[in-house]
Amino acid sequence: MTELRKRGGGGADPDSADNISDKEADGDDRLGLAGDAEGECDGDSKADTPDYPLSTADTDNTPECLNKALEGLPPRWKNYWIRGVLSLAMISGFFLIIYMGPIALILVVMSVQIKCFQEIITIGYRVYHSYDLPWFRTLSWYFLICVNYFFYGETVADYFGALVQREEPLQFLARYHRFISFALYLAGFCMFVLSLVKKHYRLQFYMFAWTHVTLLIVVTQSHLVIQNLFEGMIWFIVPISIVICNDIMAYLFGFFFGRTPLIKPCVCVSHAPQLSPKKTWEGFIGGFFATVVFGFILAYLLSQFQCFVCPVGFNSESNSFTVECEPSDIFVMQEYTLPTVLQNTLTWKTVNLYPFAIHSIFLSSFGSLIGPFGGFFASGFKRAFKIKDFANTIPGHGGIMDRFDCQYLMATFTHVYIASFVRGPNPSKVLQQLLLLQPEQQLGIFHTLQSHLRDKGILPPAAVQAE
Amino acid sequence: MFCYGYIRIVPFQSQIFHFFKFFSVFVCLQGSDNELKAEKEGVSDSESKVDSGVPEVPVPPDDTPEVLNKALSGLSSRWKNWWVRGILTLAMISFFFFIIYLGPMVLMMIVLCVQIKCFQEIITIGYSVYHSYDLPWFRTLSWYFLLCVNYFFYGETVTDYFFTLVQREEPLRILSKYHRFISFALYLTGFCMFVLSLVKKHYRLQFYMFGWTHVTLLIVVTQSHLIIHNLFEGMIWFIVPISCVICNDIMAYMFGFFFGRTPLIKLSPKKTWEGFIGGFFSTIVFGIMLSYVMAGYRYFVCPVEFNNDSNSFQVDCEPSELFQLQDYFLPSMLESVTGWTTVRLYPFQIHSIALSSFASIVGPFGGFFASGFKRAFKIKDFANTIPGHGGIMDRFDCQYLMATFVNVYIASFIRGPNPTKVIQQLLALRPDQQLYIFNSLKAHLTEKGLLPALEEAAAA
């Protein structure tokens, strides 16, 4: 089963053979790790003996029904079937929650985030044997709540401006939001300082830093995913599908045509084996082209539906979410003249495309070229800390983090891409800010805007109005 | 350490000796942690058994300038230390005044240099702890990440505050329009380089240094960026908080020196409750007085702006309401005591009470944090940049939280959004969105009665 995991779906599966040799030849014993504090200097193997109750990555929690159904098959096929069934289940789950709408999506993103956080923190506990440290579990969860409160508060204030203005307590919370979040964070910080225990200073600082880096990775990514979602569900669906497709396609191409290994370490250590030895150039390039085509087709299909394309708005009267609007320019079919090269081969002069399909090419390229680095990062992380999977939540696949490691960078890239190339600032947010200004400042802006609009010809000139 | 070096109860006989030292104490300001650290090492011996196998971080050599050494060669080593600390303290405070005089641009440069030095100190500690100084690429990558994050933050600041200058110059305009994308691309390059540089035997080390770099960036660079933001609000928002923290240190030390009895926290055994409370009250008084003095000058009070025509910074404006004297009615209790019915204050002084309270009550936690950090990693000082005081981080550890607090305070209680920024965003919208906002704004202003004339003219 572990052998098969190595070749599994393009994701970041560590090579177990390498793990064993790592233990023997580990050079990290020079570290003054708390885990090695007992003075032992040979290898991390002792440091990793989990005293955290039952490292979940080692137990098999395949459901009983699947086990029974696949009793007859040899273990190799059984593993393939389990992975296949679970993959189908996850993809169906994905479609189901898309169907259920934006609020369900937000809740799912939040649950995934909490689970990822818990998985990474648990690894930290295991590595540092710090499960019994006073306060630390409480503090980690408390910091997660604070940071989430800060981010979700900003989102709610932006997108549900009308709702917030109506309710009095919400208005107060929105106005002093930053201050309240900061005060909450400070309380956590002071609790940390007060909880420093003499013999455990270093451990506690490590866990503090570990928590913060995890928050930085997990919570900011999930927040950006939600912001992409609010731009329109297509900005959520297409990037995630691209990453999934790239994984699957790279795996398939590698399976059938794979020959040349992909990633080599830094040239100065020539005798060390590679980080992900099962990745191949054929898989990489095949996956790239297949993903670009897939992204293009998917973008074309989804751009036609208003429910995917429109920004999620909150309707104050009906107190519900609406996805109805006039589709913006990028989702309106336009004609493009083909460059002469393609004209000769295809005998078409022009082609009708959605501009979004062009954007999807960039998203696909990023997902295929840079996305895998997120996978390598997670792979290196797992090798560094000698774990096979982040957890064992999904039978056959590992933890939630294993499925989402390539998505890290994609969400940030999509967000930055939207902010830079697609949309300007959010008009309701700008209006909110306007209303917060001093009256003289508002007047000043009013006049500036008036002259600007007149210059552009959108407003009739002043001479006409004054008469 | 910058903060608090209170001394506990002293025998009666040596009270006179301490009074004798009063003058040098007054001059020496910051805590005598350096002297007493030799004793602290004994305290932390019992920790060393738990962390055995952890090599000591090499202590940087003593680099007191030769001239000082010669001048003080006659005195005993204890006095010599006091004098060195005293002279350096005076030098630092004079330098502080000097750069305030030089203006906002210089201040920004200084903040940037301090930030770089703090980053370098913390990263060096990381290297020493993990013996990772020889790791391939890592020094390069740490500095590269520092550059990226600084580019991102300073780019955002420049775009906000120098909007017109940026719009004028063509290359700057492109850089600012795609700023986020460029910063992200730079960061990604660093990330990919990190992944490619992973070496088999050193995975864990490399991940540790990666995490260490990022946490350091989070602490050091965001704080310095917020300081610059505060500076642009008006130099008074930069000077008063920093002075409050410095004053709190000094006052708490003095109160602890003379009256200290009850220990405050196990983490820093030299801190006392008397010092803490005495420092609290004296910092509030100091803050009120300093604000009163500073609020009278436009130079300190006005937001720093960039004048397009003269291509220079100016601090000239109509002071906002915060900085205009107003009458406040005293509560009757104080009326009977002082015999005044009303008192003229700047509203800013009321705000300064909040700032001073934070500096006295929560600020020290930053100091305890740094103290715990130093104990955790068995270091005496962050570095030995300033003779007698330690590294730059030792001086700035209590300032961490203060800068963030001031920024959040300003954003929540003082000012609304920046009008120039709002105009920027407005002009970036689509015409139909602009028209929509224009109409909403017009309706709002008419409701408020600010636009009666236009309405009548249009209706006519």
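B:Thr216 is buried, with a relative accessible area of 4%, where buried means under 20% relative accessible area with a 1.4 Å probe and protein chains only. The residue lies in helix 12 (residues 203-233) of chain B, helices being DSSP runs of H or I of at least four residues and strands runs of E of at least two, numbered from the N terminus. Apart from neighbours within four places in sequence, B:Thr216 is in contact with B:Phe119, B:Ile122, B:Ile123 and B:Val221, contact meaning heavy atoms within 4.5 Å.

This is a predicted model, in which local features need pLDDT of at least 70 and side-chain atom pairs count only at pLDDT 80 or more, while totals for chains, interfaces and linings use all residues. Residues are numbered from 1 along each chain as its sequence is written, and side-chain values use heavy atoms, with hydrogens and water left out.

| Item in chain B | Value |
|---|---|
| Helices | 23 helices |
| Strands | 6 strands |
| Buried residues | 53% of the 460 residues |

The axes of helix 20 (residues 439-456) of chain A and helix 22 (residues 431-448) of chain B come within 10 Å and cross at roughly 140 degrees; axes are lines fitted to C-alpha atoms over the stretch in contact, and angles run from 0 to 180 degrees between N-to-C directions. Residues making the contact include A:Phe446 of helix 20 of chain A and B:Phe438 of helix 22 of chain B.

Methods
Chains are lettered from A and ligands numbered from 1 in the order in which they are written. Buried means under 20% relative accessible area, exposed over 50%, partly exposed in between (1.4 Å probe, protein chains only).
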